[in-house]
Amino acid sequence: MSKSGKAFDWTVFSRLYKSGKAYRRPFLFTMLLVLVLAAMVVIRPEQMRLIMDVEMASGNSAGVLRLSMWFVIVLTIEALIQYTQTQLANKVAQSITMDLRSQLYAHILKFKLNYFDRTPVGQFVTRLIGDIDGVAEVFSVGILDIVRDLLKIIVIVFAMMWMDWKMTLIVLLPVPVLLYATRLFQVAVKTSFNDVRNEVARISVFIQEHVTGMNIVQIFNREKEEKASFDQINKEHRSAHIRGIWAYSIFFPVVELLSAASVSLLLWWGLKSSLAADMTPGTMLKFSTFISMIYRPIRQMADNFNVLQMGVVNGERVFKVFDTHEEQVDSGQLIMDHPAGEVEFRNLSFAYIEENWVLKDISLKITAGSKIAFVGATGAGKSSIAGLINRSYDYQRGSIFIDGKEVRDYTLDSLRSNIGFVLQDVFLFSDSIYNNITLHDTSISLEQVIEASKIVGVHDFISGLPGGYDFNVRERGGMLSVGQRQLISFVRAYVQNPRILVLDEATASIDSESERMIQYATEQLTKGRTSIVIAHRLSTIRKADLIVVMDKGQIVEKGTHDELLEQSGVYKRLFELQFAD
């Protein structure tokens with residue numbers, strides 16, 4: 001993330017404050033409690049002065065006891081108000097961040113797939129967890145504590161000026177130096193915090209990618225090299241933290257030094273005034289207490305302002321995602337209800353990046369209820385066609401029609417609910433088999449899932465697992481084989497009852513036994529549906545109504561299996577390569 005160059009970004013802060021509009025009343029009540037705490041700051045020093053100058057000077061032990069009891073009562077009241085204020089502030093902060101996190105996740109869910117293709121997963125994790133947690137401190141600590149400390153300083157200075165303005169000016173001589181040091185501290189810490197957050201994001205992305213791809217690291221014996229890469233990122237993360245710690249290590253001793261200078265000035269002036277009989281011991285004690293109380297808020301303000309800055313920097317990163325407009329345009333008005341399933345491509349061209357065309361001028365009509373297979377070498381554009389039908393990606397030229405209406409005229413929800421997918425790389429969540437099949441759709445009962453599993457031919461396999469349909473497949477379905485995950489995806493597609501079905505390389509990475517099961521599942525799944533099969537193994541599509549051969553993004557041949565074998569074209573060469581023996 002680029003640095004703003006400002007010690008504090010008021011634009012981002014304003015957006016954060018507006019994001020808490022729904023909680024403005026409890027927040028304002030919390031602010032009122034802060035005002036009460038600030039006003040009470042002068043009570044205890046005055047009680048201490050009265051105890052020493054009045055009751056102890058006159059030898060009134062009952063008066064000392066009475067004022068001491070009031071001292072304890074005031075402390076108790078302050079503690080209760082502080083407790084209430086802290087509880088309310090944190091409740092407001094967590095409520096605001098809960099809403100922000102929910103809104104951000106909902107916003108991300110609308111992004112086009114090509115945005116996820118080019119954005120690391122770790123970056124989303126950092127934004128949704130770490131950065132939004134940092135935003136919470138703006139409301140729980142940052143604003144309220146800064147206001148509280150500022151008001152305390154104002155109240156204390158006025159009280160000191162009221163008592164003895166000359167002495168006040170003397171003891172506050174080091175304060176301008178402290179304010180200047182505080183300003184330098186804020187700028188230094190903001191810079192270091194920017195660096196820390198960027199390094200945290202880098203570590204998150206690295207760990208996310210390399211733990212997910214750990215099998216590649218180990219298979220190719222790259223542990224040492226990956227460890228060295230991680231160590232370098234880790235060192236840069238440490239260096240960023242150390243730069244921030246260095247600022248703290250300079251600032252806090254400076255505060256203590258200036259505080260000691262104020263106390264020394266107080267003693268010098270107090271001794272001079274005592275000799276002139278203008279200063280009492282109680283007043284000296286009160287002034288000394290005020291000095292301690294005024295330096296502590298100034299030091300805390302610097303710390304809290306850094307917390308506020310950190311929260312604003314986090315907010316800036318979160319709002320950057322909010323301001324990213326990569327949403328899939330859903331301007332369609334038509335509801336796809338019980339479609340026949342006729343699909344037509346007219347002069348379709350598509351590119352993932354600018355005009356690097358993956359598909360070029362594709363024209364093809366697929367009859368409702370027929371089974372069409374797309375074959376071709378890797379990179380021919382087969383899978384790209386699958387991603388365009390349900391608008392996972394948007395094409396740049398030409399059109400795709402379903403039942404005579406362009407897919408962009410349908411609402412996304414109705415379009416996607418009528419198109420089922422079985423992909424080569426099956427993704428299963430760390431959840432039960434039942435939830436992975438239904439995807440938490442409460443309208444699909446367990447009985448329907450069991451019936452679908454029996455039809456597809458996988459009920460016995462699922463029932464044999466510990467817990468049956470409640471078996472947790474763990475992250476990405478790691479407890480199941482590739483073929484088993486593929487069979488689960490067939491049941492997932494079947495229970496959705498789509499009118500149009502897309503099978504993208506569904507048998508590309510499985511063994512022969514699993515392939516036989518999937519062949520049976522495919523036959524059951526494609527009955528009565530328009531089926532588009534992206535095929536790698538040509539043995540799986542011999543019975544297709546039409547086979548479309550693609551090469552470099554274009555249709556070069558089409559026909560039935562037997563018709564294409566009679567030609568000396570691309571399909572025949574592919575077939576001979578696979579079945580040469």
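**Sheets, helices and salt bridges**

Tutor: Let's start with a sheet: six strands make an open sheet of mixed pairing, ordered β6-β7-β8-β3-β9-β10. Its edge strands are β6 (419–423) and β10 (554–559), each pairing on one side only. Before you ask, this is a predicted model, where local features need pLDDT of at least 70 and side-chain atom pairs count only at pLDDT 80 or more, while totals for chains, interfaces and linings use all residues. Residues are numbered from 1 along each chain as its sequence is written, and side-chain values use heavy atoms, leaving out hydrogens and water.

Student: What makes β3 and β9 a pair?

Tutor: Two strands pair if DSSP finds at least two bridges between them. Strand β3 (residues 371–376) and strand β9 (residues 546–551) are joined by five bridges and run parallel, so they pass the rule of at least two. For a spot to look at, isoleucine 372 stands opposite leucine 546 in β9.

Student: Which helix packs on that sheet, and what does it touch?

Tutor: Helix α12 (residues 382–389), which touches β3, β6, β7 (500–504), β8 (530–534) and β9. Contact here means heavy atoms within 4.5 Å. The direction of α12 makes about 140 degrees with that of β3; axes are lines fitted to C-alpha atoms, for helices over the stretch in contact, and angles run from 0 to 180 degrees between N-to-C directions. Helix α12 also lies across β1, β2 and β4 (397–402), at about 110 degrees to β1.

Student: What are β1 and β2 doing there?

Tutor: Strand β1 (residues 343–351) and strand β2 (residues 357–366) pair antiparallel over six bridges. They form a hairpin with five residues between them, and glutamate 354 in the turn has a positive phi of about 45 degrees. Across the pair, valine 343 stands opposite isoleucine 366, and phenylalanine 350 stands opposite leucine 359.

Student: Why are β2 and β5 called edges?

Tutor: The open sheet of four strands is ordered β2-β1-β4-β5, with antiparallel pairing. β2 and β5 (405–406) each have a single partner strand, so one side of each is left without a neighbour in the sheet.

Student: What makes one face of α2 the buried one?

Tutor: Buried means under 20% relative accessible area, exposed over 50% and partly exposed in between, with a 1.4 Å probe and protein chains only. In α2, the buried residues are Phe27, Thr30, Met31, Leu33, Val34, Leu37 and Ala38. Down the helix axis they fall within an arc of 155 degrees, so they line one face; the arc is that of the directions from the axis to the C-beta atoms.

Student: Why is α17 called largely enclosed?

Tutor: Eleven of its 15 residues are buried, so the rest of the structure largely encloses α17. Among them are Leu487, Ile488, Phe490 and Val491, along with Arg485 and Arg492.

Student: What makes arginine 202 and glutamate 199 a salt bridge?

Tutor: The rule asks for a side-chain nitrogen of Lys or Arg within 4 Å of a carboxyl oxygen of Asp or Glu. Their closest N and O atoms are 3.2 Å apart, so the pair qualifies. Both sit in helix α8 (residues 175–212), three residues apart, about one turn of the helix.

Conventions. Helices (H or I, at least four residues) and strands (E, at least two) are DSSP runs, numbered from the N terminus.
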